[in-house]
Amino acid sequence: MFNKEVKSVLDLIQAFPNEQACIEHLEKLRWNGNVVSPFDASSKVYKTKTGYQCKNTGKNFNVRTNTIFDNTKLPLVKWFLAIWIVTSHKKGISSLQLSRDLDITQKSAWFMLQRIRQCFGIENDNQLENEVEVDETFVGGKETNKHADKKSDNPHAGDKAVVMGMIERGGKVNAKHVDNRTVKTLTAEIVSVVKSGSTVYSDEWLGYNKLRRIYDHSVVKHNAHQYVDGRIHTNTIEGFWSLLKRGIFGIYHFTSKKHLQLYVDEFVFRYNSRNITSENRFDLMLGNMENRLTYKELIG
């Protein structure tokens, strides 16, 4: 999609120096020369001075309409820079840092980041097969950091959130914020994306007890200090948990349960797109720009 190779922020600025250049790139990605009305896909479309008009509904629209860029006063040049920065940082970027990079308010930067994260989910619904590792982790405040009257004897209690993950060896990862670690919840998540006949590896947690009825299921016994038994291990998914937690705790410091899935989607996207170029990753994000999220929905 790019006329020349883009490897840095400077290259991006040169490729998209103004609003019109951004609009033309978005139109090519979204419509590829065949403009479609977001109000009626079957309608004829007329070109206007400010964009387009849908004949059947009489409504005006442009390439921003019904996308993450809709109803924002920020120029597309800054949106493009934000998307490039967010998708290029291996551990993510805080709204405070993005506000400094783009010379905008921290509130605007946070809103941009949340809208961008809404698009990351495109890479978090993969069908997995062959050898698949499954595991869960806990995200939330550590008990040691709490006041004595708020500490729990159960390290998995309190305000910690459960994130369940599945990763195909040599392939992609899926991760989801779930309500609990029960057999019913974990089995349903696994069956929904892991193909029948696959080999599944897990630890000895009781929530995986029914998997052997569906898959070739092998268990590594962490409680017995067993971490690898030939090909039986969960080291790959645990490596992803390390990336996720380093990003959340190191960059964002805190995330609420309400917004946790957006952050999980971000790190899933980053992991699953690790082998493609920065340009392709950038366009992959822009190609999913119709996942619009309003500020009211964010804070409601």
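Modeller: One term before we start: two strands pair if DSSP finds at least two bridges between them. And keep in mind that this is a predicted model.
Colleague: Got it. What order do the strands take in the three-strand sheet?
Modeller: The order is β1-β2-β3, in an open sheet with antiparallel pairing. The edge strands, each pairing on one side only, are β1 (45–47) and β3 (60–61).
Colleague: How many bridges join β2 and β3?
Modeller: Two bridges, with β2 covering residues 52–54. Across that pairing, Gln53 stands opposite Asn60 in β3.
Colleague: Switching topic: how many residues are in the largest nonpolar core?
Modeller: It has 38 residues, and among those with the most contacts inside it are Leu26, Phe69, Ile116 and Phe282. At least two residues each come from α2 (19–30), β2, α3 (76–88), α4 (95–102), α5 (106–120) and α9 (278–286).
Colleague: Which of them gives the largest share?
Modeller: That is α3, with nine residues.
Colleague: And what is Ile116 in contact with, leaving aside its neighbours within four places in sequence?
Modeller: Ile116 is in contact with Trp79, Ala82, Ile83, Val86 and Met285. There is also a second, separate core of 17 residues, which includes Ala175, Leu244, Ile248 and Tyr271.
Colleague: Now the helices. At what angle do α5 and α8 cross?
Modeller: Roughly 65°, and their axes come within 8 Å; α8 spans residues 257–272.
Colleague: Left-handed or right-handed?
Modeller: The crossing of α5 and α8 is left-handed.
Colleague: Which residues meet there?
Modeller: From α5, they include Trp110, Gln114 and Arg117, and from α8, they include His259, Tyr263 and Phe269. By class, the contact of α5 with α8 has five nonpolar, three polar and three charged residues.
Colleague: Nice mix to look at. What about the five-strand sheet, what is its order?
Modeller: That open sheet runs β6-β5-β4-β7-β8, with mixed pairing. Its edge strands are β6 (173–178) and β8 (216–219).
Colleague: How many bridges are there between β4 and β5?
Modeller: Eight bridges, in the antiparallel sense, between β4 (residues 131–139) and β5 (residues 161–168). Glu133, for instance, has Ile167 in β5 as its bridge partner.
Colleague: Last one: which strands does α6 lie across?
Modeller: Helix α6 (residues 183–193) lies across β4, β5 and β6, at about 30° to β5. Helix α8 also lies across β4, β5 and β6, running at about 175° to β6.
Colleague: Thanks, that helps!

How values were computed: Residues are numbered from 1 along each chain as its sequence is written. This is a predicted model: local features need pLDDT of at least 70, side-chain atom pairs count only at pLDDT 80 or more; totals for chains, interfaces and linings use all residues. Side-chain values use heavy atoms; hydrogens and water are left out. Helices (H or I, at least four residues) and strands (E, at least two) are DSSP runs, numbered from the N terminus. A nonpolar core is a set of buried Ala, Val, Leu, Ile, Met, Phe, Trp, Tyr and Cys residues joined through side-chain atoms within 4.5 Å. Buried means under 20% relative accessible area, exposed over 50%, partly exposed in between (1.4 Å probe, protein chains only). Contact means heavy atoms within 4.5 Å. Axes are lines fitted to C-alpha atoms, for helices over the stretch in contact, and angles run from 0 to 180 degrees between N-to-C directions. A crossing is left-handed if the near helix is turned anticlockwise from the far one by less than a right angle, and right-handed if clockwise. Ala, Val, Leu, Ile, Met, Phe, Trp, Tyr, Cys and Pro count as nonpolar, Asp, Glu, Lys and Arg as charged, and the others, Gly among them, as polar.
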